[in-house]
Amino acid sequence: MRNIINHLSKRLALVAIVAVLVFCASPVLGLEPVSQEDPEAAELVFSGISLLRYYSSSLDSVLKKDAEETEAKLQKAPFANIPECLMEATGNFAAKGMDISRLVVNIDENLGILGELLAQSRLEESLELASEISDKLTQAYGDLDGIEDATEVTGEEFRATARSRGDLRRSYDEVLDRIERIREMLDLYKSLMADTLLGIEELQLAEDLQSTELTLKVEPMTAFVGDYIHFEGILASEGECLAGRKVDILLDGSQYAASVTGADGYYQGTLQLPYWYVYQVEVQALYYPRDEDIGVYLSSLSPEVELEVLFYEAELELTVEEEAYPGQETTIGGEFDYGQPLLPGGRKVEIYLGSDFLVEAIVQETFEQKILIAPETEIGYHTITVSAPPMGRYAPVTASAYVKITRATPIVDMDLPRIAMIPGSIALNGRIYSEVGPVSGAPIKISMGKSQINLVSSEEGTFDARVKMAMELSPIGSQDIQIQVIPREPWHAMLSTSRSIVVVNMVSSGGILAILIVLGVLARGRLGRRRKVVLSRMPAGGVIAQPQLAQAYGDSVVIPILAAEKSESKHEPRSRILNLYRWTVRLIQAITNVIVRPQQTLREFFRESRMSLGPSARFFEQLTRMVERLLYSNYQPTEEDAVKSEQLSHNIEEGIKR
Amino acid sequence: MKTSDVLLAVAALIIVISLVCIWLYPSVQDFMAANRLWNGIRNLSSEFDAANLDSLDELPELPQEKTLVAISYLPYEDEDLSKMRNFVTQGGTLLLMDDYGYGNSVLEYLGLNARFTGESLLDPLFCYKNQWMPKITDFSPELEESGIKVMVLNHATSLTDVGESNVIAWSSGSSFLDLDEDESWGEEEPKGPFPVAAKFKLGKGTVTLVSDPSIMINSMMRKDDNYSFIKYLIGPELEPGQTLTDRSHLPKDPRDESRIALTSLRKFFSLPYPLLGLTAVVFIVVSRYTLKKRLFKM
């Protein structure tokens, strides 16, 4: 039984240890999501599968004949994480991929046009377009070879070709498959092209087909947009006029008007010049066989006539205010410069803020237009665009300018007393406004220490309030008044500001004063008691304390015991004066704790004790000078000097007692 | 010298050394403003003069033209969520950055449909060094106009249920969500592009979501256009000092906790009365010591 328990407990311990280890190591083992890694220490990993899938996806877009999508995909190639040695191959793949996608779309479109031209027996144009398509097909095959090369280089780098299966090999094969399908598509175009060329050849070889000639004359050769012009010409075939045939008038290669030839092959008509604000338009007349003419005649195209187109151009200069505010109107100024005296009566303009249409108006050559900035408009720089659409002979014109949309910061103009008293209250009144106008009906929060009031500004932005001063400990000092304003108008910014005021707390100040007085009284009493103690230590007899030896350079000095009496009148004046001085010094030492150091002169001792003696210092100074005179000169003191020294000593004693 | 005096001196020395170490030794914790290493946000804090909030109680009452950067790595109390909502609805900008944290609780509380998927977003092709650091090259026209071409994420996730008009950045077509955590794309795993950043108006303010907070760390901030992107999100017109970073929802190590406590203590003692009290205590202690010494000599 014990063995089983031992065995089980060992196992349990093992399981517990493993569990703890797994718990501790879970972040390392990736059991918990890692939120980031050091980019500089990160492992460099390339993915061949992803690159080959990217190739396949791009070629899919080529097969879909979606040049834009292909371009969007392949333009990202420079951001791909690929080995250095594949940079060139990938770059080539991207460049040739974008090129082939455009070529495929172009070839596809042109083959359709070629078919139409051929159907209309437009031999020369067909030949020209067929040659162009052939060139583009050759170019597309070249691009496809380049793509294949780049793919092979990529496949070799990632050793895709060395494997017979797996995701990498599959991805590689998928790219090759796309390349093959594009090649098949090009082959198809090539065969379609061959068929068309056969048609052209047939047309060229048809001996019974008669050629046609077409002339064109246009008047006037210079005209404004919207003006009517006259065109005329003759359709003939081998010297014989063709009557009752439809002739198309082409403007810049597109069919725009038509006319039918008369009995003499003559055709004429008028057409209104379209409102194309271009300087030149190419006009051509086209005949191609219809109905019974098919198989009889060849088409013909007249020589190009270059028509000069006139219209009025203008430059538009915009002026906008430096700053505009959400919810407020701003003025946009503009001036059209037509460069000639003939001006339109009024011009329609459309005004945009970013891509949002704001307003349209009819304006004169110089104009000022007010626009309302939406309250929810984001703060920052925005583009204001004024667009004048085309109007008859006047070409369209557009101009843009940047405007900074911001919020106006309110200004608080407040009458504030310099000093406030506690207890008490202060009257606060003032006005809140900005460069836009008053801040009306705005909630205002004024707080000062623990006091706080909430009020609302009037329509004119004024406010009037009284703040009751809350009780605080501080006796006197500067205090901040916090003012918070939350304007209702979207053009005003919120405001949080503060002002300082000197606050005198009468209660605290009074209390502190009272405490100081009490402390002063107590200190005086204590000083008195101490003096009594000192005086009580003075010996009662007239024994003069014997001088004691002081240790040279020692820090401490033993305070000598005071002599029992200050002086005795029976002694010589000199002895009396010196005795009095010693007595006074000991008294000062006992009271002030100022110690006479061994190396100290009498005058140095005086200087040190001067601060502690207060007004008595001057008496002690006189006494010190008198003693110095006795000690350091031959002067013999008189009875008068002795009396004076007694008086000085007495004054010092009285001063200290006080 | 008495043993008690020695012990007292040693204790004082230890306290002083500890305080100096706490104060001077840089933090190593993720997203800490004091962390100068690769995973800190010291550069961001200094660039934008950002104020660190240790509690959402410190959010300003007038949040207009202020941006709160919140990295949601710890759960939120309802009180915190309420403060965040007030901050946004009153005109502030909340830049909520999350990958595998608690950002969805904030979104739920704010009533937004968008969510962080919490799944690893990998891009084996358009990436910096490896698939865990996807490169983002598709941005809304507004961002493209401001010159942002490419940014790099670091162990990111993606957003879901975001309206097309709200998305401001997408991952590439070769990115995928690694649902089975095998670090490779499987047929059943969704392929990109996925939204990785989005912007919403809420009340008077704005909520901006980014599915990776790591773009702000010291080692990532200068990668490609990450800095410009962050500046755009925080507010290109914002003046320095208007950015607030919520530190209260970031995991901290004991040293960070101590540093925060020490900062609070210093702040407390910089107030007039505590400073006066402290001066008085120091004065009393020094006076007592000096007097005692003097009397002892006498």
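The structure is a predicted model, in which local features need pLDDT of at least 70 and side-chain atom pairs count only at pLDDT 80 or more, while totals for chains, interfaces and linings use all residues. Residues are numbered from 1 along each chain as its sequence is written, chains are lettered from A and ligands numbered from 1 in the order in which they are written, and side-chain values use heavy atoms, with hydrogens and water left out.

With a relative accessibility of 26%, B:Thr117 counts as partly exposed; buried means under 20% relative accessible area, exposed over 50%, and partly exposed in between (1.4 Å probe, protein chains only). Apart from neighbours within four places in sequence, B:Thr117 is in contact with B:Thr157, B:Ser158, B:Leu159, B:Thr160 and B:Leu177, contact being defined as heavy atoms within 4.5 Å. The C-alpha atoms of B:Thr117 and B:Thr157 are 6.4 Å apart in space, although the two residues are 40 residues apart in sequence.

B:Thr157 is also a partner of B:Ser211. The latter is in the loop between β13 (205-210) and α6 (226-234) of chain B and is buried, with a relative accessible area of 0%. A polar atom of the B:Ser211 side chain lies 2.7 Å from the backbone oxygen of B:Thr157. Beyond four places in sequence, the contacts of B:Ser211 include B:Asp98, B:Asp99, B:Phe116 and B:Val196.

The interface between the two chains was then examined. In total, 40 residues of chain A are in contact with 40 residues of chain B. The size of an interface is often given as the accessible area lost when the parts come together. Here the buried area (the accessible area, 1.4 Å probe, that two parts lose on being put together, summed over both) is about 3,600 Å², with 54% of it on carbon and sulfur atoms. A:Gln36, A:Phe79 and A:Met494 supply 21% of the area that chain A buries against chain B, more than any other three residues.

Between chain A and chain B, 16 residue pairs are in polar contact, both residues being at pLDDT 80 or more. A polar contact is a pair of N or O atoms within 3.5 Å; within protein, one must be able to donate a hydrogen and the other to accept it, and residues adjacent in sequence count only if both atoms are side-chain atoms. On the side of chain A that touches chain B, the elements giving two or more residues are α2 (48-63), β18 (380-388), β26 (476-485) and β27 (495-505) of chain A. The largest share, 4 residues, comes from α2(A). The residues of this side divide into 18 nonpolar, 11 polar and 11 charged, where Ala, Val, Leu, Ile, Met, Phe, Trp, Tyr, Cys and Pro count as nonpolar, Asp, Glu, Lys and Arg as charged, and the others, Gly among them, as polar.

A salt bridge is a side-chain nitrogen of Lys or Arg within 4 Å of a carboxyl oxygen of Asp or Glu. By this rule there are 30 salt bridges over all chains, and 5 are found across the interface of chain A and chain B. One of the latter joins A:Glu378 and B:Lys199 at 3.8 Å, N to O. The backbone oxygen of A:Glu378 also lies 2.7 Å from a polar side-chain atom of A:His382, a residue of strand β18 of chain A.

A:Arg407 forms a salt bridge with B:Glu65, with 3.4 Å between the closest N and O atoms. This pair crosses between chains, from the loop between β19 (397-405) and β20 (411-415) of chain A to the loop between β1 (51-53) and β2 (67-71) of chain B. A:Arg407 is buried, with a relative accessible area of 19%, whereas B:Glu65 is partly exposed at 34%.

Within chain A, A:Arg170 and A:Asp167 form a salt bridge with closest N and O atoms 2.8 Å apart. These residues are separated by about one helical turn because they are 3 residues apart in helix α6 (residues 167-205) of chain A.

A:Cys85 is partly exposed, with a relative accessible area of 48%, while B:Cys127 counts as buried at 3%.
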